[in-house]
Amino acid sequence: MQSATAVGIVSTGKALPVSRVTNFDLENIVDTSDKWIRERTGIEERYILSNDETNSKLSLTASKIALDKAGLKPKDIDLIIVATVTPDMIFPSTACLIQSELNACNAAAFDLAAGCTGFLYGLNVAEQYIKTGAAKNVLLVGADTLSPVIDWQDRNTCVLFGDGAGAVILSEVERGRGLMASKLFSDGSKAGLLYVPAGGSRAPATVRTVEERMHYIKMNGPEVFKFAVTVMIDSTKEILNLCEKKPEDLDYLIPHQANVRIINAASKRLRLKPEQVLLNIQRYGNMSSASIPVVLDEAVEEGKIKPGNLIALVSFGAGLTWGAALLKW
Ligand code: UT7
């Protein structure tokens, strides 16, 4: 899967809200317990928007860090993609809002909605732009602020999610490094397993939609769980096969951080050692499209990820969508 142009992640950044909400805090809101949440999900705490924090503000902070680390100026960016299902507003895109704040005067900008797989969809799109020569430097943000669309009366979902943003800069890198392969999938027939019924053009806000709590996440957790384990295993295997690699060749797997039991079940079937699998779900919960770039940023900052490391990224989410990517750091 080698092409003439090698495309890689040249820098990372992240941003989180200031307010930390523990499982014990949630015990005061719904009928749940720290024990249940830890044992069934692996989550201990998460960060939630407060005051004037927004998706675009978190995205902007993460983007500025990634730009600084890459040694680039905003005018060097040709394209901004924000992978999100929780934009500040229906339109304009959150990407355009941060394009303005950054004064990235040469950048096209759009949002990309692929649920929790958004970051991997964005990676794939950015790669195509750079490979074709349509862009030189792409700013890709995975950002989700699900707390405003969580039903804080529904213990099945409100304990799972956190808000955050992760950003990366993609550019051409030396041959033999960067993205080695990337595969995306979708099955829209499973859209009803994870969705927000109202707030779009089909069911705009009315007294009825608000009274019926239709602006909040509806999820069939057990069905998504089963699906997730299968596709995490299959897409990781597929991406490795494409590059004639095996699970034992991986330095790290960075899985979407939705539930530690999903991650453990998939890792076990892939025969991965615990030290190959990077986790931060205990501190952040499920941050949707921000999950993978935030794990990546932390692992880079901690010096865990080193040049030459082989890293697989794998995710699944609303759509349903799923996908994987393999990269050499
Ligand atoms: O990014 C993609 C987004 N979504 C996901 O990845 C979700 C995937 N699914 C999951 O992670 C799991 O299915 C959940 C964590 C959502 C639920 O775990 P589960 O082991 O599948 O539990 P369950 O839904 O089968 O519920 C088991 C019990 C039920 O009680 P009964 O009917 O057995 O009495 C639930 O009402 O646990 C109860 N329960 C809770 N109890 C305490 C559900 N949520 C809670 C809670 N606290 N927060």
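How many Å separate the centres of domain 1 and domain 2, taken over C-alpha atoms?

Reply: The centres of domain 1 and domain 2, taken over C-alpha atoms, are separated by 14 Å. This is a predicted model, in which local features need pLDDT of at least 70 and side-chain atom pairs count only at pLDDT 80 or more, while totals for chains, interfaces and linings use all residues. Residues are numbered from 1 along each chain as its sequence is written, and side-chain values use heavy atoms, with hydrogens and water left out.

The protein chain is divided into domain 1 (6-175) and domain 2 (180-328); such bounds come from an automatic or database domain assignment. To the contact, domain 1 gives 50 residues and domain 2 gives 44 residues, where contact means heavy atoms within 4.5 Å. About 3,600 Å² is buried between domain 1 and domain 2, and carbon and sulfur atoms give 60% of this area. Buried area is the accessible area (1.4 Å probe) that two parts lose on being put together, summed over both. On the side of domain 1, the residues that lose the most area to domain 2 are C116, L120 and Y121, together 17% of what that side buries.

Charged pairs also occur here. The rule finds 4 salt bridges across the interface of domain 1 and domain 2, a salt bridge being a side-chain nitrogen of Lys or Arg within 4 Å of a carboxyl oxygen of Asp or Glu. K69 forms a salt bridge with E301, and their closest N and O atoms are 2.7 Å apart.

Next, a helix and a sheet. Helix α5 (residues 118-131) lies across β8, β12 and β13 (321-328), and runs at about 125 degrees to β8. Helices (H or I, at least four residues) and strands (E, at least two) are DSSP runs, numbered from the N terminus. Axes are lines fitted to C-alpha atoms, for helices over the stretch in contact, and angles run from 0 to 180 degrees between N-to-C directions. Helix α8 (residues 221-242) also packs on the sheet, where it touches β8, β11, β12 and β13. The direction of α8 makes about 35 degrees with that of β13.

The sheet itself is open and has 4 strands in the order β8-β13-β12-β11, with mixed pairing; two strands pair if DSSP finds at least two bridges between them. Its edge strands, β8 (178-186) and β11 (252-255), each pair on one side only. β11 pairs with β12 (residues 310-317) in the parallel sense, over 4 bridges, and L253 stands opposite A312 in β12.
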